[in-house]
Amino acid sequence: MDIELRHLRAYVALCEEGSYTKAAASLHLSQPALTRTIQQLERIVEGRLIERTSRRFDLTDDGAELLTHARRIIADVDGVVAQLRSRASIEIGFAWLLPTTWLAATRRRYEALGGRITLRRVDDPLAALEARSLDIAIYRRETRLPNHLASRVIATERRVLAVAASSPLVEAAGLRWADLAGYPLVVNAVSGTTDAGSWDPADPQRPIITCRNFDEWIELVAADRGIGGVPALARSRAPHPGVVYVDIPDAPPSHVYLAWHAKPTTSPAVARFLGVA
């Protein structure tokens, strides 16, 4: 039989506590189980490690030598494990237009701890999170999450109107959000921020053109199939020769959310990420 880490941990605990009762409690073992573990260790090394009487608890010369090495071995193993855990990579999924300021600050803090972040663009980050092919989902579409997922708002974004470059709305003056309620609307039904419910009251007769990702959405707007609403970030991050982004002073803001698996448990790497995110 070879020495295992459990033998060394039990031995170090016993030496530091000086009592089988206290050492067993610190290791969450029964006293007989700890006694058997120490006896196994002595059989493996083929020698006495501890001289124990009713009044004294002493180490033999071999026991003192083993204690020195055992402490070093445990410290080395624990240090390597902690280092590897801190470098654990987490995968973050997003559909479009990452919030760059938040991401840069979060990546810097997380990687300062030794972790790594991998980004993956997917049409439906929440579905990928549900399938556990992601650790974290970044999304914008307001939705009710199942109980095993948790979420938090990480950013609030100003919303602008997206229209075709040929649309008369490009030159319209004094536009208000309510003025747009009857126009045909292009809706990214999977990950978009704006749908018919973004106006109150919603017009049940309003023409709605649906798509499933940002690339389809922007091409439909460019083709003048309808108008759209999008975070102002799109102006610099997603310019398109066929699309103009128009400021609407009273446009309601939209939000960016972070989602993760809260049940049954959050992994240590995800917990560290959430701690800095």
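A polar atom of the Thr60 side chain sits 2.8 Å from the backbone oxygen of Arg48, a polar contact being a pair of N or O atoms within 3.5 Å, with one able to donate a hydrogen and the other to accept it, and with residues adjacent in sequence counted only if both atoms are side-chain atoms. The model is predicted, with pLDDT of at least 70 needed for local features and 80 or more for side-chain atom pairs, while totals for chains, interfaces and linings use all residues. Side-chain values use heavy atoms, without hydrogens or water, and residues are numbered from 1 along each chain as its sequence is written.

Thr60 itself falls in the loop between β2 (57-59) and α4 (61-86); helices (H or I, at least four residues) and strands (E, at least two) are DSSP runs, numbered from the N terminus. Because its relative accessibility is 14%, Thr60 counts as buried, the cut-off being under 20% relative accessible area with a 1.4 Å probe and protein chains only. Setting aside neighbours within four places in sequence, Thr60 is in contact (heavy atoms within 4.5 Å) with Arg48, Leu49, Ile50 and Glu51.

As for the whole chain, there are nine helices and twelve strands. The C-alpha trace spans about 95 × 30 × 30 Å along its principal axes. Even so, buried residues account for 43% of the 277. Of the contacts between residues at least 6 apart in sequence, 70% join residues at least 24 apart.

Key. Buried means under 20% relative accessible area, exposed over 50%, partly exposed in between (1.4 Å probe, protein chains only).
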